[in-house]
Amino acid sequence: MFFELLMVAGVLTIPIWGVVFCLNLISIIENIQYKKDFTKNKVWFTISFVIIVSVITYGLVASS
């Protein structure tokens, strides 16, 4: 019962963790390459990363 609840909570929060990871990664890249503008790339990179991670996670959960 507890493991199932924990797994559901983990699966449902994957997109949130994806967004947090992506924004932190872009922040680090901006600190290294401070002369480039990442505003358009930041949005598309975050959306694509969250979709990829969510599809992989939901696929793994559905197959088990």
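Biologist: Which residues of H2 are buried, which exposed residues are carried on the face turned away from its buried side, and where is Thr57 found?

Modeller: This is a predicted model, and everything below should be read with that in mind. The protein chain has three helices and zero strands, and its elements, followed from the N terminus, run α-α-α. Of its 64 residues, 16% count as buried, while its accessible surface comes to about 5300 Å², with 76% of that area belonging to carbon and sulfur atoms.

Helix H2 covers residues 14-32, which is 19 residues, and from its first C-alpha to its last it reaches 27 Å, close to the 27 Å expected at 1.5 Å a residue. Its buried residues are Ile14, Gly18, Cys22 and Ile26. Viewed down the axis of H2, these buried residues fall within an arc of 95 degrees, so they line one face of the helix. The face turned away from that buried side carries exposed residues, namely Ile16, Trp17 and Asn31.

Thr57, which is found in helix H3 (residues 39-63), touches Val11 and Ile14 when residues up to four places away in sequence are not counted. Thr57 and Ile14 are 43 residues apart in sequence, yet their C-alpha atoms are 7.8 Å apart in space. Thr57 itself counts as buried because its relative accessibility is 17%, and the cut-off for that class is under 20%.

A second pair to consider is Ser27 and Lys42, which are 15 residues apart in sequence and 9.4 Å apart in space, C-alpha to C-alpha. Ser27 belongs to helix H2, but it is not among the buried class, because its relative accessible area of 33% makes it partly exposed.

Helix H3 also has a residue that contributes to a surface feature. Ile47 is found in this helix, and, with a relative accessible area of 39%, it is partly exposed. Together with Val43, Trp44, Ile51 and Val55, Ile47 makes a nonpolar surface patch of about 520 Å².

Note on methods
Residues are numbered from 1 along each chain as its sequence is written. This is a predicted model: local features need pLDDT of at least 70, side-chain atom pairs count only at pLDDT 80 or more; totals for chains, interfaces and linings use all residues. Side-chain values use heavy atoms; hydrogens and water are left out. Helices (H or I, at least four residues) and strands (E, at least two) are DSSP runs, numbered from the N terminus. Buried means under 20% relative accessible area, exposed over 50%, partly exposed in between (1.4 Å probe, protein chains only). Contact means heavy atoms within 4.5 Å. Accessible areas come from the Shrake-Rupley method with a 1.4 Å probe; for residues, only the protein chains shown count as cover. Patches are made of residues with over 30% relative accessible area and no salt bridge: like charges are joined within 9 Å, nonpolar side chains (Val, Leu, Ile, Met, Phe, Trp, Tyr) within 5 Å. A salt bridge is a side-chain nitrogen of Lys or Arg within 4 Å of a carboxyl oxygen of Asp or Glu. The expected span of a helix is 1.5 Å times one less than its number of residues. The arc is that of the directions from the helix axis to the C-beta atoms.
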